[in-house]
Amino acid sequence: MFNQLTAIFYIIILIILSIFIIYRLKIGKTKEAGGTGLVYAGLVLIFVTALINLLQQQPGYPTWFLEKIYTAIMVGKFLSLLIGLLLFTAGLAIYFSYWGDRDREVANHLEKLKLLENLQIESRYPYPISELLDRILKNLLAGLEEEAGAIFFLNRNQRQFVLTTAAGLSKEEISLLEYYPYGRNIVTQAIEEETPLLSSDFRNMGGKAQLAASRFRSILVMPLISGKDKLGALLLFSQEERRYSREYISIINPVTEWLSEKIEVTRLIRDLGKSTRELESRHFRFEDFFRQIEAVTSSLGESVSPTDFTARCLGLLGSDEVWLLGLVEGRLNIYGGTKEKSDFSDNFKTALLSALSKNKAVILNQEGRDELGNAIIARSSVLIPADTRGNAILFRNNNGLTTVADFDLKTAKMVAAIGGLIIANGISKHASDSRSRAIEFIVNVLKIKMTWEQIETSLKALVQELAGIVPPDSVFLLYKRQGEHFKVAHSNSNDGEFGELIISIGEGTTGKTAVVKANQFVSGAASVAENLISYDEENVGILNRLFGDRGKPIFQADYPIMVKGQVESIFSIFGFQDSPLINMELHRLLSVLIGLFNLRIEVCLINSVVPAESSPPELETLTVSQINEINNDLAAISGYCQMARRDLNLTGEVANSFDSILNITEGIARKVKSFLPEKTAEGKAVENLTDINLVTADFFRHNGISGNLYMIGGRPFEVNLNLKDIPALGIDADAFESFLDSASRTFTENVAEDEIITIGTYPYQDRIYVDISRHRKNFPPVEPVAAFGRYLLPNMLESLLKSKDFISQLTVFEAEFAYDKYSRIPSYFSFRFSQKSTIQFHKEKKPVHSEPISILAVDDQVVILELLAAMCQSMGYKIVTARNGHDALDLFEIHRPEIVIADLFMSGMNGLELAAKIKSLSPSTQIIMITGWGATVDREKLSMAGVDSILHKPFRMEQLADLIAKARSSSIRS
């Protein structure tokens with residue numbers, strides 16, 4: 001009875017538990033939930049098991065069936081219970097799994113809502129887009145508990161990704177990701193497919209990242225896409241492997257969608273605000289524009305100076321300085337500005353020269369440092385071409401960066417064009433005034449009464465005329481010969497300051513004028529300063545006191561006044577005006593006036609009765625260069641006389657004087673022509689040997705800016721001179737310099753200014769080669785072209801090159817030419833000269849020694865160098881030449897000659913300084929010092945400098961040969 005009650009109790013408990021479970025867990029109420037059928041089936045089987053158990057407790061149960069049936073019932077009861085429990089458990093598991101997923105979805109949704117809410121709160125503030133993205137990224141990483149992340153924008157124009165913001169990345173990782181191409185990488189793939197992508201390898205990022213390993217083992221790329229606009233990508237980085245999953249992507253996907261829309265909206269708002277501000281500013285600019293244009297254009301109807309015009313332009317493009325400037329003979333010329341004096345640095349002037357040569361509008365920014373030491377744009381300048389002649393207008397903003405819109409640029413170009421007219425008008429007026437003043441001064445010089453007995457009085461009258469020509473702030477000095485020196489006789493400065501100023505013959509350009517008997521002109525503050533070093537130290541101190549507070553002179557010029565073929569007086573001037581155009585005009589005018597005065601002295605001497613012992617000495621042989629210089633002076637005098645002769649107001653006496661000067665000038669020109677070199681049997685002039693290395697070095701020295709920066713064709717280039725030891729060529733030095741100028745100009749026409757130009761000379765297989773090549777920085781220069789170039793005669797070249805000036809010069813030199821045919825801009829020009837053109841003098845004369853002696857000759861006069869070279873070569877010696885001490889030291893290091901022949905008085909480093917430096921390098925080297933013109937020789941100083949022998953000018957070949965033989969013997973003994 002008890003067992004029956006227990007079985008019934010089990011059934012009741014089973015029914016109550018089943019109802020409770022079904023009700024409490026709401027099984028069957030949610031159709032989407034799985035496992036409901038399994039739960040019901042399991043409960044039914046368990047209930048069947050309970051019923052079987054109840055039957056088994058009945059009193060007559062043992063007699064109901066056969067014995068074998070009871071065994072089957074027990075097995076069935078066990079299986080029913082087991083299967084019911086399994087089904088019930090499986091059903092509950094499936095049912096709970098569904099609700100677990102639902103719970104996670106709800107949690108994810110809540111997490112998304114919370115993350116989005118925080119991001120939206122952050123984005124309400126009016127941050128700039130870069131700062132907004134930085135804050136969003138940091139909040140996103142904090143909310144997701146991520147290690148690092150980055151946001152990239154896509155720049156389709158440049159086909160690359162730009163790193164906008166990053167967090168948690170090292171500097172090295174940022175540098176790898178800062179710029180990388182739009183192409184074969186995971187970020188590009190995610191954007192193109194518009195789907196998130198996962199990666200475990202940092203090198204899949206592409207660009208520089210593909211070459212570097214990384215600490216990150218999981219990378220998630222979420223594309224940022226708004227409509228059809230593909231904006232960029234959001235990247236998350238983790239060191240944990242398999243950090244990101246599809247469930248994770250479902251969490252962050254709404255965030256990236258919101259971020260894409262936020263970026264797009266922010267960009268649209270920014271563009272709208274920019275357009276609104278631009279419209280407003282354009283409205284104000286129009287009003288200001290019409291006001292300023294009205295003031296500027298009024299200049300067209302007035303005679304306005306460049307300074308007044310720049311004052312009217314002040315304020316355009318936000319400027320607080322305005323300048324009108326131009327390119328004159330490769331130098332910067334300032335026509336006028338809103339300040340009394342420019343404060344342009346050397347680097348800024350170089351940039352201006354480069355921009356002016358290109359004739360294009362450019363913005364020049366100058367960097368500075370703020371109070372914290374950060375780099376900023378301290379000054380911004382806008383240069384606008386004013387015409388096609390190298391003139392321009394410069395707008396300077398000294399308070400930061402200048403931005404130029406299209407409208408501003410068009411306005412500035414119109415103003416610049418007006419400025420070009422102002423410059424042209426000013427130049428025309430200045431030229432007209434200069435011409436009128438020049439004629440006036442020429443007439444005054446012609447009116448000076450001059451006889452042989454009154455030359456001193458006439459010279460004083462000339463000085464009074466010249467005092468009215470030179471600028472008020474200049475310093476001019478009139479030197480008079482006193483034996484072998486020149487002493488100041490008159491100056492426009494304080495007389496007490498120059499009393500001890502005595503110039504020796506050959507000292508500086510003033511002393512050199514007495515030697516070469518020709519005008520000397522030095523332009524540029526650096527060149528004048530370098531020239532002053534060649535004067536005696538005491539004289540430099542006197543000159544500096546004369547300059548006073550004027551500052552450093554910008555140019556210096558010296559003009560000889562000749563009497564009976566000798567320099568008796570020298571007119572010297574130091575100028576301080578920073579205008580190459582005005583300085584050059586002043587030099588030309590002074591050259592003509594003093595040349596005219598010298599011509600009148602010659603006329604006076606011809607018409608005077610001069611004692612026989614005072615007859616003019618025989619003229620020395622003139623070089624081609626000197627003849628050309630004389631012809632230029634004669635042509636200038638003739639031109640001014642012809643121009644002045646057209647003045648109808650001239651009196652008969654003055655007009656007759658002009659006619660007389662013209663006739664005498666023509667006569668002198670015919671006489672000078674007779675000094676040209678004699679023709680050989682073949683009709684060619686006998687040529688002197690030319691060291692083309694020296695010509696090349698001098699050419700670039702005259703065109704130097706600073707360091708290795710030189711002007712070529714009006715543009716600055718970095719030039720490397722690679723001049724190897726080569727024999728001299730039998731071509732004219734002036735002709736080769738002209739050829740070098742034309743060839744380098746042609747080669748650099750389309751070459752970028754950041755490229756390096758190399759000029760190389762070298763021998764190869766009995767030929768002399770000159771290479772001009774270009775290359776980028778950090779790249780090697782072009783190899784010597786002689787090894788691979790294809791050389792052609794000038795008449796075999798293409799028509800495009802045949803028209804170039806240097807090609808016609810090559811024809812005269814009988815040289816060949818090779819160039820880079822395969823590049824749009826040739827990488828090299830190469831010229832091949834035959835050594836057969838070198839002149840060999842007296843080959844039958846050989847020195848007594850079996851090995852030829854090597855000699856270095858140094859003199860700043862080409863004539864003396866050519867004479868020394870001819871004499872030494874005729875005796876069979878090997879000789880190299882230099883025109884100054886610095887070049888001589890370089891050549892000495894290369895060739896190590898046994899004998900050095902040097903001039904005592906040279907500009908820059910004199911002969912004593914050179915001798916001392918050579919002796920310190922090589923005590924056994926024999927030094928022969930050349931001196932002359934009756935100069936006093938301090939034997940003690942010569943001995944201290946290490947001079948072994950003295951050669952006095954004028955010298956004969958036999959004297960030179962004896963001294964070389966003596967030096968050779970001393971060298972062998974040592």
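Colleague: How do you know that the 15 residues of helix 19 span what they should?

Modeller: At 1.5 Å a residue, helix 19 should span 21 Å, and its end C-alpha atoms are 21 Å apart, so the two agree. The expected span is 1.5 Å times one less than the number of residues. This is a predicted model, where local features need pLDDT of at least 70 and side-chain atom pairs count only at pLDDT 80 or more, while totals for chains, interfaces and linings use all residues. Residues are numbered from 1 along each chain as its sequence is written, and side-chain values use heavy atoms, with hydrogens and water left out.

Colleague: What makes a stretch a helix or a strand, and how many of each does the chain have?

Modeller: Both are DSSP runs numbered from the N terminus: helices are H or I with at least four residues, strands are E with at least two. The chain has 26 helices and 29 strands.

Colleague: Why are helix 18 and helix 19 called oblique to each other?

Modeller: The axes of helix 18 (residues 692–702) and helix 19 (residues 733–747) cross at roughly 55° and come within 10 Å. Axes are lines fitted to C-alpha atoms, for helices over the stretch in contact, with angles from 0 to 180 degrees between N-to-C directions. Under 35 degrees is roughly parallel, over 145 roughly antiparallel, 65 to 115 roughly perpendicular, and the rest oblique. The pair is therefore oblique.

Colleague: Which residues of helix 18 and helix 19 make the contact?

Modeller: Contact means heavy atoms within 4.5 Å. Helix 18 brings Ile 692, Val 695, Thr 696, Phe 699 and Phe 700, and helix 19 brings Ala 733, Phe 736, Glu 737, Leu 740, Asp 741 and Ser 744. By class, that contact has seven nonpolar, two polar and two charged residues. Here Ala, Val, Leu, Ile, Met, Phe, Trp, Tyr, Cys and Pro count as nonpolar, Asp, Glu, Lys and Arg as charged, and the others, Gly among them, as polar.

Colleague: Is Leu 723 buried, partly exposed or exposed?

Modeller: Buried means under 20% relative accessible area, exposed over 50%, and partly exposed in between, with a 1.4 Å probe and protein chains only. Leu 723 has 23%, so this residue is partly exposed. Leu 723 is found in strand 20 (residues 715–723).

Colleague: What about Ala 405?

Modeller: Ala 405 is found in the loop between strand 11 (391–397) and helix 10 (406–447). Its relative accessible area is 29%, so Ala 405 is partly exposed.

Colleague: Which residues of helix 19 are buried?

Modeller: Among them are Ala 733, Phe 736, Phe 739 and Leu 740. The buried residues of helix 19 pack against several elements, including helix 18, strand 21 (756–764) and helix 21 (805–813). Of the 974 residues of the chain, 45% count as buried.
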